[in-house]
Amino acid sequence: MKKIAIFFLIVIVIISTITYIYLNYVANYRNAQKENRQFEMYQNQEILGSELTTLINKAIDYNIRNEVEQDNKGNYIDNGKNSLNIEIKFTDDDVTFNISTIYKRGSELFLAHYRDISFKCIEVQYHKETNKISYMLFEQITE
């Protein structure tokens, strides 16, 4: 009788552990999807510089909330979990800037020059561990 009780107890512990791991995975997946939605809507979409400024501010806030470290140039370091880097390629100067560079120089300056210019998200990368967006590249469409 004791052997049967111990057997069922072990089975219950194993099933509970598997269930916990699965439910934790599902919760993390849904959380990643929820966080990605706020940035994925820009994928393959043309947006104006004014909306891109909003996205820059949102990404900076996202990195600050997730306590993502910065390198000596001020660019956010990919931590493999929840960091977000956005680069913007300007075709009129053939140069690419990171959002931290634009943010440091001032969003107002970016808005003054690029408010009505169109940009398109041409590349999106994800963290392998968490499936959260890690990198986005926007390219200037109009001059």
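This is a predicted model: local features need pLDDT of at least 70, side-chain atom pairs count only at pLDDT 80 or more; totals for chains, interfaces and linings use all residues.
Setting aside residues up to four places away in sequence, Met 136 touches Phe 39, Tyr 42, Asn 85, Ile 86, Glu 87, Cys 121, Glu 123 and Val 124. Show those side chains alongside Met 136.

Now move to helix α1, residues 2–40, and pick Asn 36. Is Asn 36 buried or exposed? Its relative accessibility is 2%, so Asn 36 counts as buried. Beyond its neighbours within four places in sequence, Asn 36 is in contact with Tyr 126, Asn 131, Lys 132 and Ile 133. Draw a distance from the Asn 36 side chain to the backbone oxygen of Asn 131: it is 2.8 Å. Then draw one between the C-alpha atoms of Asn 36 and Ile 133, which are 97 residues apart along the chain but separated by 6.1 Å.

Finally, select Glu 35, also in helix α1. Glu 35 has 17% relative accessibility and therefore counts as buried, the cut-off being under 20%. Which residues does Glu 35 contact, leaving aside its neighbours within four places in sequence? They are Tyr 62 and Lys 132. With Tyr 62, the side chain of Glu 35 makes a side-chain to side-chain polar contact of 2.8 Å. Lys 132 is also in contact with Asn 36.

Notes: Residues are numbered from 1 along each chain as its sequence is written. Side-chain values use heavy atoms; hydrogens and water are left out. Contact means heavy atoms within 4.5 Å. Helices (H or I, at least four residues) and strands (E, at least two) are DSSP runs, numbered from the N terminus. Buried means under 20% relative accessible area, exposed over 50%, partly exposed in between (1.4 Å probe, protein chains only). A polar contact is a pair of N or O atoms within 3.5 Å; within protein, one must be able to donate a hydrogen and the other to accept it, and residues adjacent in sequence count only if both atoms are side-chain atoms.
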